[in-house]
Amino acid sequence: MLILGIDTSCDETSVSVIDGKNNILSSIVSSQIDLHKRFGGVVPEIASRKHVEIIDSIFHEAIDKANISKENIDAIAVTYGPGLIGSVLVGLCFAKGLSLSLNKPLIGINHVEAHAMSIFLEKDIEFPFISLIISGGHTCILLMEKPCNYRVIGSTRDDAAGEALDKIAKFLGLGYPGGPIIEKLSQKGNADYVLFPRPMADEDNLDFSFSGLKTAFINWAKRHKISDGNIHHVLASFQEAIFDSLFGKLMKASKRYNINRIVVAGGVASNSMLRTFFNEKAKANNIELFFPSPINCTDNAAMIAVTGYFYYKNGFLSPIDLKGFSRMVIKATP
Ligand code: KG4
Ligand code: ZN
């Protein structure tokens, strides 16, 4: 079953072809990082213009690499939100054009759900499971009840985890995106150097807050000098405060719903230090923990295609007048 996936929700133009689950025939991701770097973050207008420029060639590259003819595609899965609306619309309109011209079904996919489902590109796991999505735009916990059916059980009240890392890197003038830069600098650091707060850790809910943690970091940096001598330790401490907050709420979710199968995905989940931290704690707490490979954690269209595979198999198709959304309530069964 050949499913085409398209994702243009942020600053990556991505098209993929999969043949059922666990079989990626092609996954092309064209990053715009170099265009946005000098602004310290993604500029929405630049992002959508670039998507328009290259989507057609990325599509052809994905088809060629998969070694298929476009007429053989069974369905077209595309992100219809959440994301930068101008960017989302480029992929969505392109997908609608393909759907009409090839006479193949269109399937609108929620980008956040797709992060949770990205594990099926590599492994079959059983439902129900809990998924923590940690990216630049989102930080939430989903209860994945069965295919195409899930609930949001926790989310950030302000910044996403990746956003907090990106903003601190920008504050320190380290570059963009901040997550991988901070990971690299933290490798040699002592995470016990500063005890940053774990916001909302004591509250009996599954929500997060990272804005206060960011302020705590900035206040610390103003009171103490950050130098070449301590930057590794301070950043390692900041990272660990984020990891600890995330894992704490994940444990609460696991206990509340009595589910110990957990998938952690999204750009921040590609962090090797986070993986070590989570793996050690999961072992101690009898948690079955799954991470997609780093390349499937950051934005990609293969995860859109594999989510589309489940929707197609269950007969959940989208109308051709499907609208795009910048923000979306992550809904259950269509
Ligand atoms: O999932 P993603 O590619 O796009 C969104 O949907 O947001 O995630 C991008 C985010 C950025 O905030 C970036 O700094 C973060 O993921 N990120 C990382 C790492 N690689 C990307 N954060 C921590 N460590 C990394 N290695
Ligand atoms: Zn994403």
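Modeller: Helices and strands here are DSSP runs, numbered from the N terminus; a helix (H or I) has at least four residues and a strand (E) at least two. This is a predicted model, in which local features need pLDDT of at least 70 and side-chain atom pairs count only at pLDDT 80 or more, while totals for chains, interfaces and linings use all residues. Residues are numbered from 1 along each chain as its sequence is written, chains are lettered from A and ligands numbered from 1 in the order in which they are written, and side-chain values use heavy atoms, with hydrogens and water left out.

Colleague: Thanks! Let me begin with the ligand. How many residues are around ligand 1, and which come nearest?

Modeller: There are 20 of them, and G136, D166, E183, G267 and D299 come nearest. A residue counts as near if one of its heavy atoms lies within 4 Å of the molecule.

Colleague: What makes the shell around ligand 1 polar, nonpolar or charged, residue by residue?

Modeller: The residue type decides: Ala, Val, Leu, Ile, Met, Phe, Trp, Tyr, Cys and Pro count as nonpolar, Asp, Glu, Lys and Arg as charged, and the others, Gly among them, as polar. Sorted that way, the shell has twelve polar, five nonpolar and three charged residues.

Colleague: Which element gives the shell its largest share?

Modeller: That is helix 6, with four residues.

Colleague: How do you know that ligand 1 lies between domain 1 and domain 2?

Modeller: Both domain 1 (2–116 + 297–313) and domain 2 (125–291) give residues to the shell, so the ligand lies between them. The bounds come from an automatic or database domain assignment.

Colleague: What makes the pair formed by ligand 1 and G136 a polar contact?

Modeller: A polar contact is a pair of N or O atoms within 3.5 Å; within protein, one atom must be able to donate a hydrogen and the other to accept it, and residues adjacent in sequence count only if both atoms are side-chain atoms. A polar backbone atom of G136 is 2.9 Å from an oxygen atom of the ligand, so the pair qualifies. A backbone N or O atom of G179 and an oxygen of ligand 1 are 3.0 Å apart, and 3.0 Å also separates a ligand oxygen from a polar backbone atom of D299.

Colleague: How much of ligand 1 does the protein cover?

Modeller: On its own the ligand has 550 Å² of accessible area, and the protein covers 89% of that. Such areas come from the Shrake-Rupley method with a 1.4 Å probe; for residues, only the protein chains shown count as cover.

Colleague: Why is T307 called buried?

Modeller: Buried means under 20% relative accessible area, exposed over 50%, and partly exposed in between (1.4 Å probe, protein chains only). T307, in helix 11 (residues 302–313), has 0%, so it counts as buried. T307 and A77 are 230 residues apart in sequence, yet 8.0 Å apart in space, C-alpha to C-alpha.

Colleague: What makes N67 stand out in its backbone?

Modeller: N67 has a positive phi of about 60 degrees although it is not a glycine. At 70% relative accessibility, N67 is over the exposed cut-off and therefore counts as exposed. N286 likewise has a positive phi of about 60 degrees without being a glycine, and its 62% makes N286 exposed.

Colleague: Where is the residue P82, and what is the omega of its bond from G81?

Modeller: P82 lies in the loop between strand 4 (75–81) and helix 3 (85–102), and the G81 to P82 bond is cis, with omega near -10 degrees. Y176 and P177 are also joined by a cis peptide bond, with omega about -5 degrees; P177 is in the loop between helix 5 and helix 6.
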